[in-house]
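Here are my notes on this one, as promised.

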Amino acid sequence: MTRALFGFELAMLLKARFTWIIGALLLAALGWGAVNGQANADAQQATIDRVKVHAAAKVAKQQADVARYSRPFDAVLPYWQDPSDAAGYMRYGLAAYAVKPPSPLAGIAIGQSRLLPFYIKTDLDYVAPPAAAFDFINPRILSLGEFDLSFVLVYVLPLALIAIGASRLAAERDSGALRLMAAQLPSFRQLVMLKFSVAAVVCVPFTLGATVLALLVAGTPCWSTQTMDTMLLLGAALAGFTLFWVALTALVASRIGVVGSYLRLVSVWIGFTFFVPAAGALVIDMAYPAPSPLLYLDDLRRANDFKPAERDALFVALARAEPAYASAAERVGKVSYATKQIAVQQAVERQVAERAAAAARQNDLASGKAATLRWLSPAMVFDTLLQQAAGTGVERHKRFIKRTGDYTDELRAFFWPRAMAEAANPANACQGCAGRMNFTDHDKIPRFEADRPLDGVAGGIGGAVGYLWLLAGALVLMLWSGRTFRA
């Protein structure tokens, strides 16, 4: 009887026109979202490729200019136009970029990638946070949010599951058919579990298959050797998330009528996807108010407000601290502005260090609390998991900013000693040439090494996958107990 009823319920669910309508709409939404996400990732990769071509072409032109200026010439180039002058080049000619390439799975979730810079033109006057260097986007477009695959899975999928499953038990209860069906089985709990199993057997494989199909249509390389382990974990997370909503729908629909089921399930969906995140953001904002960027900018402005005499004094102190550069202090009036800015930059960073450190601590505290509150909502956990897998979340961006700062320090360690040595020994390496020829090591300039977006992702999302399955398992156990079921 159980097997026959299972087959009957499965056939009824698959034959229902409403099931096919919901499935078709969900498949279309998944495909549209995947195409949008992959288009954003492709556009970012194309921009990064153009940035690299631009930087390489500029360096090639500068090297050609060095060769051209190495011959005798009647005039001498100003230092800010001379690619063979270390101080002038590091301030006015350097074309070095830090880039955050999109992950192979970036099409899954746009995340924060349209709000945060994915490439930064490095500046030796770097003060965190660095300025973004990417195209401006209309803020009204950004305020609408992003319609991508993660949006469909996190926000639309639960509604589709509710629409399909809420009426399976509730409508039959209202019509009186549920009592007749329950009489054919040893217990009403068995009937509820049977209907739940039918819904799970249909919805979980369909969701997984439709998601993979959408990614393949969008051109996302989801089955390469590089992405296989992450995709398997994403599949497990999606299955757990789907099973959670199917079980929750069965749990509610087994207790009340059709209208009540829809109202309660949609209320739960609103609570998990909107109310909990909004309440959490409000609590964090009240407990850990964000530092004012205006105060930071005001400190930065005051720190940069040096008079020429103060700039000279800072440079003299810096030069005398190192015997090899002491002679530059004696001729400070003839040292270039770019070289003096080395001392100024160090002084500026010392003055704003306290506020910058306080802001970083405040942000870290708020981020830590937000990460804890996120576990209150399965939707938030699943959304964060998708962004982590796609490499478009905040944590990867924080690492990118940190690596950009480290790269700036590498460039400083390369250029600053050369500029100071040039100031201490102002003689040209090529007498009578248009250029000074004191700097010709363009090929040795440090290059930014981009990260590998998928490194560590599988380990980072494993806990969230287990959490989703734990919630789904808890609801299944509640269904199995069946203490408050009524036919």
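1. A working definition before anything else: two residues touch, or are in contact, when they have heavy atoms within 4.5 Å. Keep in mind that the model is predicted. With that cut-off, and not counting residues up to four places away in sequence, Leu-386 touches Ile-108, Ala-109, Ser-150, Leu-153, Val-154 and Leu-234.

2. Leu-386 also turns up when you look at the nonpolar packing. The largest nonpolar core has 70 residues, and Leu-386 is listed with Ile-108, Phe-382 and Leu-385 as having the most contacts inside it.

3. Now α8. Its 26 residues reach 37 Å from first C-alpha to last, close to the 38 Å expected at 1.5 Å a residue. The helix is mostly covered, with 20 of the 26 residues buried. Thr-249 sits in α8 and counts as buried because its relative accessible area is 2%, under the 20% cut-off. Setting aside neighbours within four places in sequence, Thr-249 is in contact with Leu-161, Ile-162, Gly-165, Ala-166 and Leu-265.

4. Where does α9 bend? At Gly-271, by about 45 degrees. As for end-to-end length, α9 has 30 residues (258-287), so at 1.5 Å a residue the helix should span 44 Å; the end C-alpha atoms are 42 Å apart, which agrees.

5. On annotation: the unreviewed UniProt entry places "transmembrane region" features at residues 149-171, 192-219, 231-253, 265-288 and 457-480. I looked at two of those spans in the model. Residues 192-219 are 96% helix and 0% strand, with end C-alpha atoms 40 Å apart. Residues 457-480 are 100% helix and 0% strand, and there the end C-alpha atoms lie 35 Å apart.

6. Gly-456 belongs to the loop between α15 (394-424) and α16. Is Gly-456 buried or exposed? Exposed, because its relative accessible area is 60%, over the 50% cut-off. The C-alpha atoms of Gly-456 and Thr-230 are separated by 9.7 Å, though the two residues are 226 apart along the chain.

7. Cysteines next. A search of the whole structure turns up one disulfide, joining Cys-430 to Cys-433 with an S to S distance of 1.7 Å. Both of these cysteines are buried. Elsewhere, Cys-203 counts as buried because its relative accessibility is 7%, and Cys-222 does too because its value is 1%.

8. Helix α3 (residues 86-93) is mostly covered, six of its eight residues being buried. Which ones? Ala-86, Ala-87, Gly-88, Tyr-89, Met-90 and Gly-93. The cover over the buried residues of α3 includes α2, α13 (337-373) and α15.

Note on methods. Residues are numbered from 1 along each chain as its sequence is written. This is a predicted model: local features need pLDDT of at least 70, side-chain atom pairs count only at pLDDT 80 or more; totals for chains, interfaces and linings use all residues. Side-chain values use heavy atoms; hydrogens and water are left out. A disulfide is a pair of cysteine sulfur atoms within 2.5 Å. Buried means under 20% relative accessible area, exposed over 50%, partly exposed in between (1.4 Å probe, protein chains only). Helices (H or I, at least four residues) and strands (E, at least two) are DSSP runs, numbered from the N terminus. The expected span of a helix is 1.5 Å times one less than its number of residues. The bend at a residue is the angle between axes fitted to the seven residues ending there and the seven starting there. A nonpolar core is a set of buried Ala, Val, Leu, Ile, Met, Phe, Trp, Tyr and Cys residues joined through side-chain atoms within 4.5 Å. UniProt positions are given in the numbering used here, feature names are shortened, and annotations may be inferred rather than shown by experiment.
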